Amino acid sequence: RWEEEKKEDGVKWMQLEHRGPYFVPLYEPLPEDVQFYYDGKPLKLSLATEEIATFYAKMLDHEYTTKEIFQNNFFHDWRKEMTSEEQEIIKELDKCDFREIHKYFVDKNEARKALPKEEKQKLKEEADKIQEEYGYCILDGHREKIGNFKTEPPGLFRGRGEHPKMGMLKKRVMPEDVIINCSRDSKIPEPPEGHKWKEVRFDNTVTWLASWTENIQNTFKYIMLNPSSKLKGEKDWEKYEVARRLKGVVHTIRAQYRRDWKSKEIKERQRAVALYFIDKLALRAGNEKEEGETADTVGCCSLRVQHIQLHPQLDGQEHVVEFDFLGKDSIRYYNRVSVEKQVFKNLQLFMKNKEPTDDLFDQLTTNFLNKHLQHLMDGLTAKVFRTYNASITLQEQLKALTNPDDSVAGKLLSYNRANRAVAILCNHQRSVPKTFARSMQALQEKIDAKKKQVEEAEEEVKKAEDECKGTGDAKAEANVEKKKKLLKRLEEQLAKLNVQATDKEENKQIALGTSKLNYLDPRISVAWCKKFGIPIEKIYNKTQREKFAWAIDMAGEDFEF
């Protein structure tokens, strides 16, 4: 389908027809016997207030509800939705008792898990029916899967990292908030009864099907095609092809920014140092933030003097720059890097006579940097550098770490280590999963049990060999072989469990998924799998295999990024 006639520039489709978004069901009130307590006394809440109370109650066992900023934002937004009578009574969060509501939802969850097979099947069929009705569109005569066809349910905003808006109320999306996009000649989706759409558009230069503005960050949310669709796949392929083009000119670009470190123009020096950081450390450019975005997050161009410290010598290294700032999604970026002498001298110059809150690159804007990047190579942005460096790192690490004689488990450990090198480069972190200690303990118990089995099997082999010695009995020899085979199988199983434990420990604070899905050319992984006989499903799950179907089809074992 990629080979079908190309459309004129900017046009994404000629025909688009769909059902519009699926709206999450309305709130169902709590049963009469489930109560909210204020200052030790039961208090009947109005419907809107009760719904918001359930959002907080569901999160009682989560770390978020222990954070002061989360509590304050929640209470502030909750009070705004209360009736005046409720506002008169409910004045302190500390006096609110949500435990009964929390227990109700925990029990409800457990009951759902314990449903008999037939009931679960019935629920699955209902979900499939919704998917069938809302989850597909017709795009240029093809039935294409839609990605996220449901609107987000209302709830409390979490954000990533230490987000200053965590705990705020995420409001319910109504049809009146939604802009529909489809083709003029299609059957325009019907809004739910008694409602109307905000607007209906016929814009074939964009690929979204519906859009609305969420109330916390004031950002646009979209309903898009599924990653496995033609438009998405082609866009993905183009993204990696641009990054591969950078491979041909990156040496020239690096030589140029090195020369610019000594430029007479301070603006050019700042641009050259920023570009060095974007290239070497995979920093984001630091584009201007969305309106209403209050988190103090920065990227390379918006770094302030307070975000770096210079150490002429540190831990046996020279010219060390210590970075400490909040990056995208309020994730802390902390790194100590030994840089080239000229970069270090330039940073000293850029920091001279400045306050901690002054911009480090005071003469540099992302606009000025991006224009320069476009001039260096058509389509070049800071993100292309990230994609290029991530992909090239994976390819080099796989070459260095993969041992052709390893077992499949050993090779997969090497793959995850290569992927981890990329995640560290891109600062893709996660907090240690809540279940980590428990699952690690369970794994250790399995290892201990397997060790015991290996020891017993070794004893059995020794015993069989002793019995067989000097008898020349064929039956006894066959028994020895059988026992040896069992021992070998148990040793392989133990080795596999040990590899699993190492992998789990090393990955506990690293998010491997982000780079795998967004920054790594999937053809590198596909080629590696084909070369070493690793099943693709060991690397990509079903959804990811659909998303990267183009790469699985396209890449042979000798593909080079």
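Contact here means heavy atoms within 4.5 Å. This is a predicted model, in which local features need pLDDT of at least 70 and side-chain atom pairs count only at pLDDT 80 or more, while totals for chains, interfaces and linings use all residues. Residues are numbered from 1 along each chain as its sequence is written, and side-chain values use heavy atoms, with hydrogens and water left out.

Leaving aside neighbours within four places in sequence, lysine 516 is in contact with Tyr415, Asn419, Ile539, Tyr540 and Phe548. Lysine 516 has its place in helix H14, which covers residues 512–518; helices (H or I, at least four residues) and strands (E, at least two) are DSSP runs, numbered from the N terminus. With a relative accessible area of 14%, lysine 516 is buried, where buried means under 20% relative accessible area, exposed over 50% and partly exposed in between, for a 1.4 Å probe and protein chains only. A polar atom of the lysine 516 side chain lies 2.7 Å from the backbone oxygen of isoleucine 539.

After H8 comes asparagine 353, which has a positive phi, near 55°.

On the scale of the whole chain, an automatic or database domain assignment supplies the bounds, and the division is into domain 1 (16–23 + 119–227), domain 2 (36–118), domain 3 (232–383) and domain 4 (390–554). The centres of domain 1 and domain 2, taken over C-alpha atoms, are separated by 27 Å, and their contact takes 21 residues from domain 1 and 20 residues from domain 2. Together domain 1 and domain 2 bury about 1,700 Å², 62% of it on carbon and sulfur atoms; buried area is the accessible area (1.4 Å probe) that two parts lose on being put together, summed over both.

Between domain 1 and domain 2 the count is 2 salt bridges, a salt bridge being a side-chain nitrogen of Lys or Arg within 4 Å of a carboxyl oxygen of Asp or Glu. Glutamate 51 and arginine 172 form a salt bridge in which the closest N and O atoms are 3.0 Å apart. On the side of domain 1 that touches domain 2, H5 gives the most, with 5 residues.

How values were computed: Polar contact = N/O pair within 3.5 Å; in protein donor to acceptor, adjacent residues only side chain to side chain.
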